[in-house]
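Me: Can we go through the contact side of this one together? I'd like each label set against its rule.

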Amino acid sequence: MASRFFQGGASDSEYSSSEEELLSSSDEEFVSSDEEQQQEEQDEDDLSDDSVFGNESDESDSDSDLDSGRARGPAYFLKKSTVPDSDDESSDDEDRKVVKSAKDKLMDEMKLSISTISSSKTTGDWVSVLSEFEKLAKNLVRAEQQNYGTPSVYIKAIVELDDDINDVSSDDKKKLNATVAKAFNAVRQRVKKSIREKQSLVDSFREDPDSFQKKESAVASTRETPTSETKPSSLNAELFTAYKAVAESRGKKNFDVQENIKTLEGLVSSATSPYESIIVYLMLIPLRFDTANNMTYMPVDQWDKTSEDINQLFTILEKNIGSYRVLETAEALDDVEVPPQPNAQGVREILGSVVSFVERLDDEFTRSLQVIDPHTTEYIDRLKYEQVIYSTIIRAQLYSEQVISQDAISSGTNEQIARIVSRRIDHIYFKKSALIKITEASAWSKQSTQSKIVAYSADDDSYTDRLMDVLSSVLYKQSNAIYRKKAMLCHIYYYAFNNKYFKARDMFLMSHLQSTIHTSDPVLQTLFNRALVQLGLCAFRNGLIQESFEALQEIAVSPRQRDLLGQSTQRFTNQTSVAEKQRVLPFHTHINLELIESVFLTSSLLIEIPQNAQLGSTVDSKRKQQPRNFRRFLDFHERQTFQGPPEGTRDFIMHAAKALQAGEWKKSVELLTSIKIWNLFSNSEAVKEMIKEKIQIEGLRTFLFQFKTFYSKLSLAKLSQLFELPESKVSAVVSKMIFNEEIAAGLDQVSNSVVFVQGVELTKLQELAISLAEKAQNLSDRNERFAATGGATISGALNGMDKRRRRTAGRA
Amino acid sequence: MSDLTSEELEIARQYDLVQKMIPFFDRHLLYPILESLGDIYDEKTITKLTYELFKDTNMTNFLEEQWKKLDGGSLPAEIVAKKEQKEKEFANLNEATKKVLDVLRQQDVQEHLGQDKNLNREYLEQNHGITEEDIDRLYEFGQFQYNSGDYVMASDLLSNFRALTTNSEKVLNATWGKLACEIISTNWESALKELAKLREVIDTRSFGETLVQLHYRTWIIHWSLFPFFNTDNGLEGLLDLYFSSSYLSTIQAACPWILRYLVAAVVGSESSTKSNLSNPNFQKKLKDLIRIVDQEQYEYNDPLTGFIKALYIDFDFEEANNKLNESLVIFKTDFFLANVSDIFVKNARHLIAEVYCRVHNRIDLNDFSKFLNLSRDDGEKWIANLIKQTKMNAKIDEAAGSVSFEHPSGNVYQHVIEKTKGLSFKANQILATALQQQDQV
């Protein structure tokens with residue numbers, strides 16, 4: 001049964017997290033979907049609403065869960081957790097007179113399709129068979145989404161269809177006209193596919209059609225039996241009556257959520273046993289979430305109450321860990337009033353998912369942050385609650401660790417733990433380790449137990465690294481690639497953000513994500529971009545200019561960098577879908593765009609200014625550079641008629657570039673270090689110092705390139721004084737340039753100076769002569785290549801024609 | 001303890017690699033390495049380590065010796081027990097393998113054995129009743145003998161086993177065993193042969209799991225240090241192995257400390273007297289080396305890589321000289337490097353001088369000699385030799401006490417002429433072939 005339960009969940013990737021649920025009372029029609037059935041009745045309008053529009057808007061919900069693979073909307077389990085009572089048929093009877101249940105309606109549609117199919121196929125009208133079959137398939141998907149299971153009539157229909165198709169002989173097939181034949185083939189393939197999908201059911205049907213159908217009713221009837229006899233009288237009867245009333249009315253049209261929440265709140269206080277409290281909470285919490293469904297986000301006070309309730313539930317569960325457990329894999333209850341039988345260990349298992357509650361709570365929290373204006377105090381106030389949600393996540397993780405076997409955790413077969421761990425990572429990966437430590441300390445101060453996955457220790461300096469390593473490695477073991485990729489990227493982001501460049505870079509390169517990321521879903525792509533940018537910033541902080549330049553290049557020059565980093569929705573389309581809006585990250589996780597720009601431009605400045613100075617005088621075309629964005633900015637800056645004092649970050653950098661070109665490195669440094677944005681780096685002084693050093697060296701190089709033609713000799717002492725560098729450093733820089741043949745010069749140890757080789761500088765005429773020679777050579781090369789390939793094809797073609805001519809001659 | 005000064009000792013300890021490398025060696029191979037550490041560490045510690053190392057092996061006599069050195073008291077009970085057990089096991093295995101070995105020793109059997117292993121097996125089974133199990137016994141006995149320290153015997157047993165068995169996994173294991181035996185018995189030639197066999201197996205594309213492959217490669221890299229640093233042309237082989245791309249990335253990913261040996265091998269591989277240092281092959285290797293050292297700076301640093309970095313990346317000649325002096329200590333204490341020490345230092349000096357001359361137009365003879373640790377006259381001689389060998393365009397100005405170099409710079413006319421020289425000839429040729437084709441048609 002449990003596997004069925006998950007199967008249903010996996011297939012409904014667009015499962016609605018909205019409150020409307022479909023109810024079914026006619027179980028016999030379906031194969032083993034009893035525990036998945038929903039209690040709530042619903043009128044017909046709601047059906048279309050739910051299956052068409054509802055899904056649309058909720059897609060984002062599962063998106064924000066970051067794993068469409070898991071695919072259950074948070075509220076999925078909330079539905080389950082409301083107590084299933086299949087014996088409420090009697091109470092449903094009067095409803096059914098008025099409205100047809102959504103399930104029945106669906107069933108009727110399917111039956112209709114099936115009868116059309118069987119009549120059309122006898123007449124050989126395969127075109128209408130195809131269209132009906134498509135309709136049928138669509139309804140099936142819908143049925144599965146609503147967890148009704150696979151209707152037996154469907155199995156029967158496809159089996160019969162398959163038989164009929166096989167009966168059609170190849171002679172008959174030839175007689176069909178083109179369109180019909182096409183339809184026939186299409187039907188054949190679809191049916192084959194459907195059969196493959198439902199292989200086990202089809203097999204059991206084929207074996208014995210009669211008992212197949214009987215079995216279902218048997219399943220249904222066994223459900224009914226074990227009710228009343230064992231009902232202990234000591235249980236709070238009043239509570240259950242009220243509880244059932246809420247359970248039955250939930251999802252109906254005139255259902256007053258607030259009212260019912262009040263009722264349930266009352267029930268919480270009157271609950272006498274842990275079991276009662278648990279089931280009441282399992283009902284109350286989803287109802288609380290229901291209230292927020294039509295709002296942009298859950299109001300703070302509501303959210304607070306919900307989070308309190310969840311924590312209360314955890315308190316109860318933790319206290320009774322030996323006797324009651326809430327599991328996603330538990331059997332559904334037939335009757336709320338009968339607590340489930342204890343298993344071998346004496347633990348009573350209740351169906352539900354605490355992890356889903358926490359996920360939903362987290363989603364609501366994120367949604368509120370997405371909507372609130374980040375520049376208000378409201379946002380800050382809201383952000384304070386992150387501690388609350390983080391503590392709750394840890395609590396959920398601890399609970400999951402306790403109820404899930406150690407084997408399942410270490411082998412990565414359990415998804416529940418992965419979900420909660422991935423949430424936890426979401427809350428820490430973008431933070432400084434000092435901040436994580438504070439968060440952790442306050443979260444663990446409330447916990448009495450230790451985590452089995454990674455034990456908390458306050459004194460260990462490397463704790464946060466270890467935490468991140470262990471949490472990620474839990475996800476690495478998951479079979480679902482989305483968890484693995486996400487963990488990898490968060491892991492990289494974390495290390496890059498915490499200044500461990502080489503570690504982050506090695507992980508980045510070894511992950512080989514670059515080659516596959518474009519096929520991943522948008523959320524992962526955003527994360528990839530964020531990690532890449534963070535890596536670039538980290539390289540810059542560590543003085544690795546070239547690396548920083550390369551990492552940032554792609555994103556920093558993109559006009560869509562906001563979108564790429566998930567920091568705003570597209571500006572080009574006016575109508576951004578809800579899904580896209582929900583993909584936007586909350587403000588506190590953003591990477592400052594201005595910082596990216598200034599880091600990128602500064603790196604470009606350090607790389608390109610000396611390069612340009614060098615290229616000014618050489619003719620070697622090979623050394624000419626790839627696209628130069630910086631050059632473009634600089635040209636633009638130069639073209640301005642009026643150049644005022646620098647204002648924006650870019651102005652500062654452009655002025656610095658001009659100063660560097662003129663050899664005024666001090667002015668350049670001054671301009672660069674006065675950019676305020678550097679203060680965003682925690683080690684801003686060190687960064688400024690690094691910039692100064694780099695400018696000194698690059699300034700020296702630029703100076704040599706720029707002005708070498710005017711000197712025959714330059715003393716090292718003078719250079720060292722000019723650039724305030726030690727003489728040994730100057731000599732090292734000059735040596736390197738000479739060794740790499742960037743300048744034609746040599747050092748003179750006796751006079752301690754640089755001697756420039758005269759006559760190397762080219763005149764304009766010489767330059768032109770060389771480029772002419774190069775062009776002539778290119779032309780000749782191309783000619784040669786053409787003669788080699790083109791000539792061969794021409795002669796080949798001619799030869800072929802020759803042969804043909806001979807053949808025709810021979811025949812004649 | 002040895003004659004190192006305390007500073008040298010500190011350097012040696014700081015850059016001691018043994019701890020990092022231990023996981024990659026077999027315990028028997030570690031013995032000579034541990035022994036060589038006597039220069040750096042306390043002798044007692046080493047004996048203790050050695051004892052711990054071999055505690056689990058069957059080398060009971062050896063253990064007894066070590067124990068006596070350590071403690072002098074009566075032997076611990078476990079060793080005594082092991083001694084007995086060892087003898088028993090030895091008797092067992094000896095008995096079990098006797099049959100096979102006897103058969104193999106017969107002249108006519110040896111003549112019958114051919115290349116095809118399956119045929120051999122059939123033959124042995126039919127004519128002499130030797131089964132698969134008997135052959136596996138050879139393997140076990142080989143392992144046992146190896147563990148007891150009888151390497152020659154183990155090597156023989158393992159090669160016999162390898163000749164007969166068809167189990168490829170065990171063949172691989174046996175080859176590792178044999179390699180270890182050959183290394184310990186310093187049969188470098190055959191060790192190299194075994195190494196080549198292993199590489200053949202491990203480097204095949206279809207070699208199962210990548211992780212295992214990586215693991216085996218790190219082993220090969222470490223084990224091969226033994227034969228390569230001890231044979232005449234070993235360094236060439238070492239360079240070939242380490243520079244092959246898969247092994248290079250293994251070094252970078254799993255064991256960056258091997259860079260020390262790579263640097264030593266590159267610099268120490270050519271003899272500078274034959275003026276080989278400027279040949280393109282060497283230059284290419286040097287270039288690769290510089291790139292890798294630069295890349296791995298953040299992972300691994302020692303005086304040898306520091307030397308390369310100072311000279312070719314930072315162009316800091318003084319630092320390069322300092323690093324060279326530091327590496328002298330490494331050469332004294334490192335187990336593998338003792339043989340290449342002299343040539344390395346000589347070549348390194350040469351390299352420094354070469355770079356130095358290349359960036360200078362004029363150098364002061366006095367300073368330069370001091371720099372090379374030579375007297376002025378010797379320095380002059382050294383320079384003269386250098387000029388002769390490398391055919392540099394340089395002159396010594398004795399009166400001014402300096403050397404000046406002429407660095408020829410490319411001539412524009414020459415450049416243009418060279419580029420356009422072949423053009424008309426080429427054009428004619430193309431035209432001729434095109435016409436020819438036309439004619440054929």
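Me: How many residues of chain B are in contact with chain A?

Reply: 30 residues of chain B are in contact with 33 residues of chain A, where contact means heavy atoms within 4.5 Å. Bear in mind that this is a predicted model, where local features need pLDDT of at least 70 and side-chain atom pairs count only at pLDDT 80 or more, while totals for chains, interfaces and linings use all residues. Residues are numbered from 1 along each chain as written, chains are lettered from A in the order written, and side-chain values use heavy atoms, without hydrogens and water.

Me: What is the area buried between chain B and chain A?

Reply: About 2,900 Å², with carbon and sulfur atoms giving 63%. Buried area is the accessible area (1.4 Å probe) that two parts lose on being put together, summed over both. B:Y298, B:F315 and B:K419 supply 21% of what chain B buries against chain A, more than any other three residues.

Me: Why is the pair A:D781 and B:K426 called a salt bridge?

Reply: The rule wants a side-chain nitrogen of Lys or Arg within 4 Å of a carboxyl oxygen of Asp or Glu. A:D781 and B:K426 sit at 3.5 Å, N to O, so the pair qualifies. Across the interface the rule finds two salt bridges.

Me: What makes β4 of chain A and β1(B) a strand pair?

Reply: Strands pair if DSSP finds at least two bridges between them, strands being DSSP runs (E, at least two residues), numbered from the N terminus. Two bridges join β4 (residues 745–748) of chain A to β1(B), so they pair, running parallel. A:D748 stands opposite B:R362 in β1(B).

Key
Helix = DSSP H or I, 4+ residues; strand = E, 2+ residues; numbered from the N terminus.
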